[in-house]
Amino acid sequence: MSVPGLLIALALSLIALAIVARPLLIPARRERVAESSRRHQRDRVEAYYERVLTNIRDLDEDFATGKISEADYRAEREVWALRGIRLLRVRDQLARGENPDGDDAARIDRAIEEAVAAYREGLRSPPGEPAEGDAP
């Protein structure tokens with residue numbers, strides 16, 4: 001056999017070996033992707049939790065200055081406090097490496113997006129009027 005023939009055979013053997021060995025290397029990559037996803041979820045939860053704290057502080061300030069009534073203040077503060085509690089639970093579950101409520105990452109992201117959308121919708125409603133979807 002000639003030298004070029006041996007080199008081609010060696011190259012084809014290496015390519016075949018790489019194709020066969022590739023599935024053995026994928027689980028490590030999946031773990032890195034899963035950890036990156038968990039880190040992303042934790043970051044999103046932390047960011048939204050900070051937003052909740054800011055809204056509660058703003059509500060406290062508005063009530064202290066007399067900009068909103070006590071009934072509105074109590075109702076809004078309760079809503080934001082419940083959101084904060086839920087986010088703390090999710091954060092703790094993520095810190096333990098659990099999926100909150102056994103859900104997958106996409107469902108957690110959807111829940112966070114829905115909470116943000118509800119918050120934004122609440123900002124759009126005129127003062128004194130309930131946002132869409134609120135009970136009369």
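The following legends describe close-up views of a predicted protein model.

Local features require a pLDDT of at least 70 and side-chain atom pairs a pLDDT of 80 or more, whereas totals for chains, interfaces and linings use all residues. Residues are numbered from 1 along each chain as its sequence is written, and side-chain values use heavy atoms, with hydrogens and water left out.

**Figure 1. Overall arrangement of the helices.** The protein has three helices and zero strands, in the order α-α-α along the sequence. Helices (H or I, at least four residues) and strands (E, at least two) are DSSP runs, numbered from the N terminus. Of the 136 residues, 17% count as buried; buried means under 20% relative accessible area, exposed means over 50%, and partly exposed lies in between (1.4 Å probe, protein chains only). The accessible surface comes to about 10,300 Å², and 57% of this surface belongs to carbon and sulfur atoms. Accessible areas come from the Shrake-Rupley method with a 1.4 Å probe, and for residues only the protein chains shown count as cover. Among contacts (heavy atoms within 4.5 Å) between residues at least 6 apart in sequence, 62% join residues at least 24 apart.

**Figure 2. The largest nonpolar core.** A nonpolar core is a set of buried Ala, Val, Leu, Ile, Met, Phe, Trp, Tyr and Cys residues joined through side-chain atoms within 4.5 Å. The largest one has 13 residues, and those with the most contacts inside it are Val45, Tyr48, Val52, Trp80 and Leu87. Helices α1, α2 and α3 (105-124) each give two or more residues to this core. The most come from α1, which gives six residues. Leaving aside residues up to four places away in sequence, Tyr48 touches Trp80, Arg83, Leu87, Ala115, Val116 and Tyr119. In soluble globular proteins, nonpolar side chains tend to be buried together.

Figure 3. The structure holds three salt bridges, each defined as a side-chain nitrogen of Lys or Arg within 4 Å of a carboxyl oxygen of Asp or Glu. In one of them, the closest N and O atoms of Arg91 and Glu46 are 3.2 Å apart. This pair links distant parts of the chain, with Arg91 in helix α2 (residues 70-95) and Glu46 in helix α1, 45 residues apart. Arg91 is partly exposed, at 29% relative accessibility, and Glu46 is also partly exposed, at 29%. Asp60 and Arg77 form another salt bridge, with 2.8 Å between their closest N and O atoms. Because Asp60 lies in helix α1 and Arg77 in helix α2, this pair ties together parts that are 17 residues apart in sequence.

Figure 4. Arg74 pairs with Glu70 in a salt bridge whose closest N and O atoms are 2.8 Å apart. Both residues lie in helix α2, four residues apart, about one turn of the helix. Arg74 counts as exposed, at 53% relative accessibility, whereas Glu70 is partly exposed, at 41%. Side chains of opposite charge can pair when their charged atoms come close.

**Figure 5. A nonpolar patch on the surface.** Val3, Leu7, Leu10, Leu14 and Leu17 form this patch, which has about 520 Å² of accessible area in total. Patches are made of residues with over 30% relative accessible area and no salt bridge; like charges are joined within 9 Å, and nonpolar side chains (Val, Leu, Ile, Met, Phe, Trp, Tyr) within 5 Å. Leu10 lies in helix α1 (residues 3-64) and is partly exposed, with a relative accessible area of 48%.
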